[in-house]
Amino acid sequence: MTDDPDSPAGDALGGEPSGPAAADWAAAVDAVRRLTPDARVLLICHVNPDGDALGSMLGFGLGLRTLGLRGVQATFPGPPEVPEPFRGLPGLDLLVPAAEAYPDPDLVLCFDAASESRLGELVDRLAVTAPTVVLDHHASHTGFGDIHLVDPRAAATSVVAEELLTRLDVPLDAAIAECLYVALATDTGSFRFDATTPEVHRMAARLLATGIRPGEISRRIFDTRPFGAVRLYGDVLARTRLEPAAAGGHGFVWTYATLADLARHDQRPYVLEPLIDSVRCTAEADVSGVLKQIAEDGWAVSLRSKGAVDVSRVAVALGGGGHRFAAGFTGRGTAQDVVARIRAELDTALIRTVDRD
Ligand code: MN
């Protein structure tokens, strides 16, 4: 469910990333500790929130409540609609629509947003006099905010959130743990991606020790979709194309979903997120792609690679971003136009990848 610009840094990192500075941890702890019980605390996560954005924000917000803070709000830009799979998360009562969020909070904490552009209309909250604490794990973080808890080594923003809660002496309860677990499971692809380090499993163990039920949570978050979505997957997967000669013979497999597909099955765009996982399992292709129509001539494109091609090079060349194994961009024109551009960039990216290695 991780959308491309938000996928974790993972294996894409070239250098040796380091975690937050001791001074930033201390400043963040101090910023929370100095709050009075009625302080207006505003938590913000990125637009179109995924499991890590919502889970880390709500889990941390519940933790702040256990410290006796009564004025905690959580919000995200755009329509105040929580994607269906997350409507059972604890802490949803912290959420307010962006339009009702404190205009002048006493403290702002920002979750899982790599850039200010991901904060939409809430970006003005960064300009208030209150300090802004940024919790994130994107290597590409732009450095916005005042106190930076940005750890590119972390598998999820919830890893950073858990550490800050620990430093604030907030014990994990089942509600906090469920939020942080959903975040961790989402960003590690249910503990399948290479970001799944021993520390990820140690954190999962701490969360499970609170008594939360991983089977039930996973079923709700990952394995429950409306019947119309299942029918929609049939339509979209039936038109999947395999191009074995593309990407220098490494192969490219792709499909697309239109707004008409969504309308015909009465579905919301979130149901399209798992499609890339069905397409990318194709053995005969290194590179996979799903084009999701977002406007008459606009497509949100998700790309995946098994390693022969660095798909971030394709995405960056086409105006997007991401990592070697997962990237994305927004394309204009017909689906065929966009696929033709990907095809052309795949050959270029392949050459560059071989050069680099
Ligand atoms: Mn994340």
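Reader: What spacing do the donors of the manganese ion follow along the chain?
Author: The pattern for the manganese ion is D-x59-D-x24-H-x49-D. This is a predicted model, where local features need pLDDT of at least 70, side-chain atom pairs count only at pLDDT 80 or more, and totals for chains, interfaces and linings use all residues. Numbering starts from 1 along each chain as its sequence is written, and side-chain values use heavy atoms, with hydrogens and water left out.

Reader: OK, and which protein donors are they?
Author: Asp52 (OD), Asp112 (OD), His137 (NE2) and Asp187 (OD), lying 2.2 to 2.3 Å from the manganese ion. Donors here are N, O and S atoms within 2.8 Å of the metal (3.2 Å for Na, K and Ca); water is not among the atoms, so sites may look incomplete.

Reader: Switching topic: what does the domain assignment give?
Author: Domain 1 covers 10–222 and domain 2 covers 227–356; such bounds come from an automatic or database domain assignment. Their centres, taken over C-alpha atoms, are separated by 29 Å.

Reader: How many residues are in contact between them?
Author: Seven residues of domain 1 and six of domain 2, with contact meaning heavy atoms within 4.5 Å.

Reader: And how many salt bridges between domain 1 and domain 2?
Author: One, meaning a side-chain nitrogen of Lys or Arg within 4 Å of a carboxyl oxygen of Asp or Glu. Arginine 268 pairs with glutamate 81, and their closest N and O atoms are 2.6 Å apart.

Reader: How many salt bridges does the structure hold?
Author: The structure has 23. One of them joins the side chains of glutamate 163 and arginine 167, at 2.8 Å from N to O.

Reader: Where do glutamate 163 and arginine 167 lie?
Author: Both are in helix α3 (residues 157–167), four residues apart, or about one turn of the helix. Helices (H or I, at least four residues) are DSSP runs, numbered from the N terminus.

Note on methods: Helix = DSSP H or I, 4+ residues; strand = E, 2+ residues; numbered from the N terminus.
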